Amino acid sequence: MAELATLREAVAELIHDGDVVAMEGFTHLIPFAAAHEVIRQGLADLTLVRMTPDVVYDQLIGAGAARKLVFSWGGNPGVGSLHRFRDAVENGWPHPLEVDEHSHAGMANRYVAGASGLPFAVVRAYRGTDLASRTSTVSTVTCPFTGEKLAAVAALNPDVTVIHAQQADRAGNVQLWGLTGVQKEAALAARRVLVTVEEIVDRLTPRPGGVVLPGWAITAVAEVPGGAHPSYAAGYSVRDNGFYQAWDAVSRDRDTFTAWIRDNILERP
Amino acid sequence: MTGWTPDELMTVNAARALAGARTCFVGIGLPSAAANLARRTAQPELVLVYESGALGAKPSRLPLSIGDGELADTADAVVSVPEMFNYWLQAGRIDVGFLGAAQLDRYANINTTAVDRGPDRPEGRLPGAGGAPEIAASCGAVLIVLRHSTRNMVDRLDFVTSVGHGSGPRDRSRLGLLGKGPVAVITDLGILRPDPGTAELTLTEVHPGVTVEQVRAATGWPLKIAGTVAVTGPPTPAELAALRAMKAA
């Protein structure tokens with residue numbers, strides 16, 4: 001049964017230096033508040049896993065929490081580059097960042113394999129690309145039935161997956177709806193699961209297209225209203241596109257970024 | 001001077017290139033603008049598919065990201081990301097995929113991963129693959145939109161992120177890639193299409209006021225030119241009005 005905890009307790013208990021941590025949410029329901037708590041607690045040497053690193057990992061990388069990034073698309077959607085990510089990869093600031101890079105289908109299926117207890121998944125699209133040249137987590141398999149050659153991508157099994165959802169009940173059962181992304185697979189692939197929610201309710205009401213994760217598949221739930229901002233939670237908030245646009249200027253310069261982290265995260269518990 | 005910008009010219013022609021498509025897999029930026037313009041002009045029934053999970057999205061304004069809430073709110077169905085990539089895209093259910101590129105070569109292979117900036121500078125980091133490798137592999141056909149310059153249209157890619165026609169006409173079937181691959185590259189100068197025999201990109205159309213010489217000079221390889229180079233029709237007032245209204249919304 002999931003433990004109901006404060007965000008501070010849950011992060012301290014579930015995430016440790018050196019862990020492989022996946023924070024998922026495909027544009028929608030990105031667990032920003034949990035990431036900020038990771039920065040506040042000064043966690044380091046993390047392997048960060050996420051299909052779209054987004055502003056949330058730009059912040060973690062720039063703050064020095066990451067040693068390695070496993071991902072498939074590292075941009076600020078509709079705006080441009082993730083400057084902290086680029087600075088880490090190109091110039092090693094604040095320290096070097098190792099990357100393990102895939103396509104979206106590859107990442108999604110790596111989680112599917114991880115959630116299924118299988119060592120790898122099969123995808124079609126990698127053949128002919130240079131993607132395999134820079135990672136040890138892509139190989140080729142031959143179909144035993146047809147002889148077709150396909151790409152194999154290694155399973156992902158994070159130490160911890162962190163997601164944000166709209167609601168949980170008091171037993172820690174969680175429901176998310178709207179764009180539900182790869183969160184179910186990322187959660188079920190992980191050894192420990194932390195879910196932040198907009199609201200804890202007495203009873204979950206079934207929603208069209210809703211994904212329910214039973215409390216016994218989750219380690220801890222923390223109530224964090226607005227915990228996805230500047231991403232959003234359908235039914236509770238809208239995406240703060242202005243923040244994403246403004247992030248470009250904040251993140252471009254190391255000092256401006258460092259001041260932003262200090263003023264908005266470190267000195268705001 | 002004409003009454004439109006190079007980007008508008010590119011977007012209008014990209015929207016027109018969707019003629020006949022029933023379903024379109026849409027990336028953010030120029031592709032999204034073009035696909036939404038097509039739905040507002042010639043093809044009101046066009047099904048827009050966004051990789052975030054929205055099948056049949058009908059946004060009233062141009063989304064900033066592929067995950068804006070309105071995409072899900074207006075969709076025929078919302079599916080998970082693994083379902084989107086496995087059942088809908090990889091299985092070949094989408095007619096046309098729309099892609100951008102940081103670098104493109106003469107066989108319409110795409111680099112969106114990293115660029116070589118010379119021996120004294122670190123490799124320039126780009127966003128990476130996203131869904132482009134599987135869009136390029138599995139959509140029935142692929143349209144590519146990018147600004148035309150020798151920086152983007154290069155002799156040799158620094159990294160192959162997504163396969164167009166590989167190194168020639170037989171490569172796609174050899175690699176097991178199901179779709180036809182790129183059928184047109186729409187730039188701010190004109191339109192390039194793969195030669196039916198060699199699969200090499202060939203200039204088939206220029207936009208009004210653009211010369212073949214101009215296109216040649218903006219291309220980083222010796223560009224093949226079609227026997228007859230047509231001129232694209234100028235954007236109509238209706239197309240421009242729809243595009244501008246969408247951007248302003």
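A crossing of two helices is right-handed if the near helix is turned clockwise from the far one by less than a right angle, and left-handed if anticlockwise. This is a predicted model, where local features need pLDDT of at least 70, side-chain atom pairs count only at pLDDT 80 or more, and totals for chains, interfaces and linings use all residues. Residues are numbered from 1 along each chain as its sequence is written, chains are lettered from A and ligands numbered from 1 in written order, and side-chain values use heavy atoms, without hydrogens and water.

Q: What is the handedness of the crossing where H1(A) passes H2(A)?
A: H1(A) passes H2(A) in a right-handed crossing. Helix H1 covers residues 7-14 of chain A and helix H2 residues 32-40. They pack at an angle of about 65°, with their axes 10 Å apart.

Q: Why is H2(A) called largely enclosed?
A: Buried means under 20% relative accessible area, exposed over 50%, and partly exposed in between (1.4 Å probe, protein chains only). In H2(A), 8 of the 9 residues are buried, so the helix is largely enclosed by the rest of the structure. Among the buried ones are Phe32(A), His36(A) and Ile39(A). After H2(A) comes Gly42(A), with a positive phi near 70°.

Q: What makes up the lining of the second largest pocket, by class?
A: The lining has 6 nonpolar, 5 polar and 1 charged residues. Its members include Phe32(A), Arg40(A), His229(A) and Trp260(A). The largest share, 4 residues, comes from H2(A). Helix H8 (254-266) of chain A also supplies at least two.

Q: Why does Thr202(B) count as buried?
A: Its relative accessibility is 10%, so Thr202(B) counts as buried. This residue is found in strand E13 (residues 201-206) of chain B. Leaving aside neighbours within four places in sequence, its contacts include Ile191(B), Asp195(B) and Lys224(B).

Q: Why is Gly233(B) called partly exposed?
A: Gly233(B) has a relative accessible area of 33%, so it is partly exposed. Gly233(B) lies in the loop between strand E14 (224-231) and helix H8 (237-248) of chain B.

Q: How many residues apart in sequence are Gly233(B) and Thr41(B)?
A: They are 192 residues apart in sequence. In space, Gly233(B) and Thr41(B) are 15 Å apart, C-alpha to C-alpha.

Conventions: Axes are lines fitted to C-alpha atoms, for helices over the stretch in contact, and angles run from 0 to 180 degrees between N-to-C directions. On a 1 Å grid over the protein atoms alone, a cavity is a set of points where a 1.4 Å probe fits but cannot get out, and a pocket is an open set with protein on both sides within 12 Å along at least five of seven lines; lining residues have an atom within 4 Å of a point. Ala, Val, Leu, Ile, Met, Phe, Trp, Tyr, Cys and Pro count as nonpolar, Asp, Glu, Lys and Arg as charged, and the others, Gly among them, as polar. Contact means heavy atoms within 4.5 Å.
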